[in-house]
Amino acid sequence: MKNGLFKRGYLSRFIFALSMLLTLGFSSGAFANESQLWSKIKSGGHIVLMRHALAPGFGDPDGFTLGDCSTQRVLSDVGRQQATQIGERFRANGITEASVYSSPWCRCVDTAELLKLGKVTQSLNFASTFQQNLDGNPARNVAAVKQWIADLDTSKPTVIVTHQVNITALTGQYSSSGEMVVARVNGDSLVPVGTIETAP
């Protein structure tokens, strides 16, 4: 009897472990490689969610002012170079122009402008909700972005430069500085299909 119970318990654990491995395998396999991701960006129907380039530090100083970059955490020289190189990477992959949106935080706006992919449109929809900045409410921001996505024309490449906390809330992905999450638009939702790393 004990032996039978052991075998059944062992079999159950084996089946569970195998199912987890298969699930992880299919999940990772669903992510496209980099050349496929650039093709998806060009073909439309996708959004690039990009974390701002390297801005050393954590959060923002107490009492920072949104319109005053001297009071905020901003891009370092390395971060500015990183943002410029990311723009060059877009062009090297055949994307010379895009619809570019940005959080109004200086480190995001500067990143977006240094891409040199076209006019940058700022929106509080993409504002940082870290430390509840500006009474930021993650759930409210996500709801606003979802509504925005539902009405968005994604027939041309679309790039949103924002903050890690927002990218995670929208896609479940954690992004390092300058990293891009490519997501397929599905109604008012975003389905991540891969990431493009852009180390400084």
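In this predicted model, the backbone nitrogen of R73 lies 3.1 Å from a polar atom of the D60 side chain.

**Around D60**

D60 sits in the loop between β1 (46–51) and α3 (77–92). Is D60 buried or exposed? Its relative accessible area is 8%, and the cut-off for buried is under 20%, so D60 counts as buried. The D60 side chain also makes a polar contact of 2.9 Å with the side chain of W105. A salt bridge joins D60 to R107, with the closest N and O atoms 2.9 Å apart. This pair links distant parts of the chain: D60 is in the loop between β1 and α3, while R107 belongs to helix α4 (residues 106–115), 47 residues apart. R107 has 3% relative accessibility, so R107 counts as buried.

**Salt bridges**

How many salt bridges are there? The count comes to four. Among them are these pairs:

| Pair | N to O distance | Residues apart |
|---|---|---|
| R80 and D110 | 3.8 Å | 30 residues |
| E97 and K156 | 3.7 Å | 59 residues |

R80 is in helix α3 and D110 is in helix α4. R80 has a relative accessible area of 37%, so it is partly exposed. E97 lies in the loop between α3 and β2 (99–102). K156 lies in the loop between α5 (138–150) and β4 (158–162). K156 is partly exposed, with a relative accessible area of 32%.

**L75 in the loop**

L75 is in the loop between β1 and α3. Its relative accessible area is 10%, so L75 is buried. Which residues does L75 contact, leaving aside neighbours within four places in sequence? They are A53, L54, A55, R80, R107, D110, T111 and L114. The C-alpha atoms of L75 and G57 are separated by 9.9 Å, and the two residues are 18 apart along the chain.

S177 is found in the loop between α6 (164–171) and β5 (180–186). With a relative accessible area of 17%, S177 is buried. Beyond its neighbours within four places in sequence, S177 touches R51, H52, A53, L54, Q82 and T198.

Next comes a strand pair. β5 pairs with β6 (residues 189–196) in the antiparallel sense, over seven bridges.

Technical notes
Residues are numbered from 1 along each chain as its sequence is written. This is a predicted model: local features need pLDDT of at least 70, side-chain atom pairs count only at pLDDT 80 or more; totals for chains, interfaces and linings use all residues. Side-chain values use heavy atoms; hydrogens and water are left out. Helices (H or I, at least four residues) and strands (E, at least two) are DSSP runs, numbered from the N terminus. Buried means under 20% relative accessible area, exposed over 50%, partly exposed in between (1.4 Å probe, protein chains only). Contact means heavy atoms within 4.5 Å. A polar contact is a pair of N or O atoms within 3.5 Å; within protein, one must be able to donate a hydrogen and the other to accept it, and residues adjacent in sequence count only if both atoms are side-chain atoms. Two strands pair if DSSP finds at least two bridges between them. A salt bridge is a side-chain nitrogen of Lys or Arg within 4 Å of a carboxyl oxygen of Asp or Glu.
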